[in-house]
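Subject: Structure handover and notes

Hello,

Here is the structure I said I would pass on. My notes follow below it.

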Amino acid sequence: MTRDVMQYDVVIVGAGPAGLSAAIRLKQLAREQNQEINVCVVEKGSEVGAHLLSGAVLEPRALNELIPDWQSLNAPLNTPVKQDKFLWLTSKKAFKLPTPAPMKNHGNYIISLGNFCRWLAEQAETLGVEIYPGFAAVDAVYDESGAITGIVTGDMGIDKHGERTDQFEPGVEIQAKQVLLAEGCRGSLTKKIIKQFKLDKNSDPQTYGIGIKELWQVDAKKHHPGLVIHTVGWPLDNKTYGGSFLYHLENNQVAVGFVIGLDYENPYLNPFEEMQRYKTHPAIRDTFIGGKRISYGARALNEGGLQSLPKLTFPGGAIIGCSAGFLNVPKIKGNHLAMKSGMLAAETIFAVLTKHDAFGQEIETYTTAFKHSWAYEELHRVRNIRPGFRHGIHLGMLNAALETYIFRGHSPWTLANHADYASLKPAINCKKINYPKPDGKISFDKLSSVYISNTNHAENQPCHLQIKNAKFPVEVNLTTYAGPEQYYCPANVYEYLQKNGKYYLQINAANCVHCKTCDIKDPKQNINWAPPQGGDGP
């Protein structure tokens, strides 16, 4: 196949906070030192921000370093946090607890992450960065030594049978001296490259949570701009890690989310239904009465912390942002760490680009720079908090208190992480969970939620949810685990149906909201999430 070839100094995969911060920093350094450097960003979404799950609290530390005059440049940080609340929920009551130190948000901002990254993209393009949305990086380009020297974007115009249509266009080969992977959590190309170079051989397994999020337009009388509420406890049992957030943004909007650690044991647990049930709590429900739900989405997020970070560099490039796992779980924040990792990678790569031919080089000074940065110090300080919850919510909170207030991050041990998929128990050993029916006002079903996620996939394209062994869904997942994919998927993608008296797995790939939970939680690691064609998705 003949492909068009483009050449750059650096190609960045993903236009999120990490990728755009790296691009901006590279061009800033080039301008400061009168150097010429060509930077390209490819983004699988149809536009910058299209595949970002909006509604977040941003700690502006990295932004202050990257663009000190962001206020005069009209950055969309319009809602400073004014009040924090931390609640323990039982089925009927809410008890106010002292807000843990990592969750205090004085000086932070409630933002739309999509708007923020569109603004970052504007700053990058002003500096001369080239950004190409609608192009997913599906593979790497290797030289004779095995080093990476670029990426290949996905072919377009392939039908569901894998055949070329009249609209076929081959993907583009983008050659670069360095490749930065900034795809976000569980990036598909990052996963390949980690495996290719065994970058995780000295790390704990990465662990994840699934976050279900909705955006509401609420009654003005119930809107409190700058209010941040976090909860733990009900509706989850004491063995299952998770909690919620309510962020009051501008324009009478509230972002509500529920996160569940994917190390849960019961295959009948349904994260989507847990989130719907949470909204019916007496202390939460009133916020939404008289309001309107306007958007829905779901994403996996990294929870492994410092001990689950893979090796950050490989011959020809580096991993930044949530592709690597830069998330502070106790803070429930990762955007400032993602941005800082991109800036550190940019600074170390630029130093080499201006002195040597950097094609295929492994620039390990990025790792050294990270270990000497405030980002490493922050992750090291909280490294033992999330693993402590493997023993239940009560012991987990006790451990978190000890780590935060007694050891202050200096405990002489580091707790280990374990792979999420291995934690699932056979259904015969678990109790089925009966969830209440949605009322259509506060709680909803999956399909009506997918409808407002603005998800769109061409029906005739290849299924981007790839089953490696066709026997496992029925013979293992359904038989032993009651078909957990039909419960953990927040978009009704997976259904077990019968034909001629035999069960089979039906995949409704057009519903997929790109949370990637199936790629993570499948008990046989039998599902591979791949980018769909042409920027399709939510």
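**What covers helix 10**

Strand 5 (83–89) is part of what covers the buried residues of helix 10; contact here means heavy atoms within 4.5 Å, and buried means under 20% relative accessible area, with exposed over 50% and partly exposed in between (1.4 Å probe, protein chains only). Helices (H or I, at least four residues) and strands (E, at least two) are DSSP runs, numbered from the N terminus.

This is a predicted model, in which local features need pLDDT of at least 70 and side-chain atom pairs count only at pLDDT 80 or more, while totals for chains, interfaces and linings use all residues. Residues are numbered from 1 along each chain as its sequence is written, and side-chain values use heavy atoms, with hydrogens and water left out.

The buried residues of helix 10 are I393, G396, N399, A400, E403 and T404. They sit on the same side of helix 10 because they cover an arc of only 125° around the axis, the arc being that of the directions from the helix axis to the C-beta atoms. Helix 10 itself (residues 393–407) has 15 residues and reaches 20 Å from its first C-alpha to its last, close to the 21 Å expected at 1.5 Å a residue; the expected span is 1.5 Å times one less than the number of residues.

**Helix 4**

In helix 4 (residues 188–197), the buried residues are S188, L189, T190, I193 and I194. They pack against several strands, among them strand 9 (137–142), strand 10 (148–153) and strand 13 (173–181). K198 follows helix 4 and also has a positive phi, near 50°.

**Helix 1 and helix 7**

Helix 1 (residues 17–32) packs with helix 7 (residues 335–353) at an angle of about 35°, their axes 7 Å apart. Axes are lines fitted to C-alpha atoms, for helices over the stretch in contact, and angles run from 0 to 180 degrees between N-to-C directions. Residues of helix 1 that meet helix 7 include P17, A18 and L29, and those on the helix 7 side include M339, G342 and F350.

**V172**

V172 lies in the loop between strand 12 (164–169) and strand 13. Is V172 buried or exposed? V172 is buried, with a relative accessible area of 17%. Leaving aside neighbours within four places in sequence, V172 is in contact with D4, M6, I151, V152 and T153. The C-alpha atoms of V172 and T2 are 9.3 Å apart, although 170 residues separate them along the chain.

Regards
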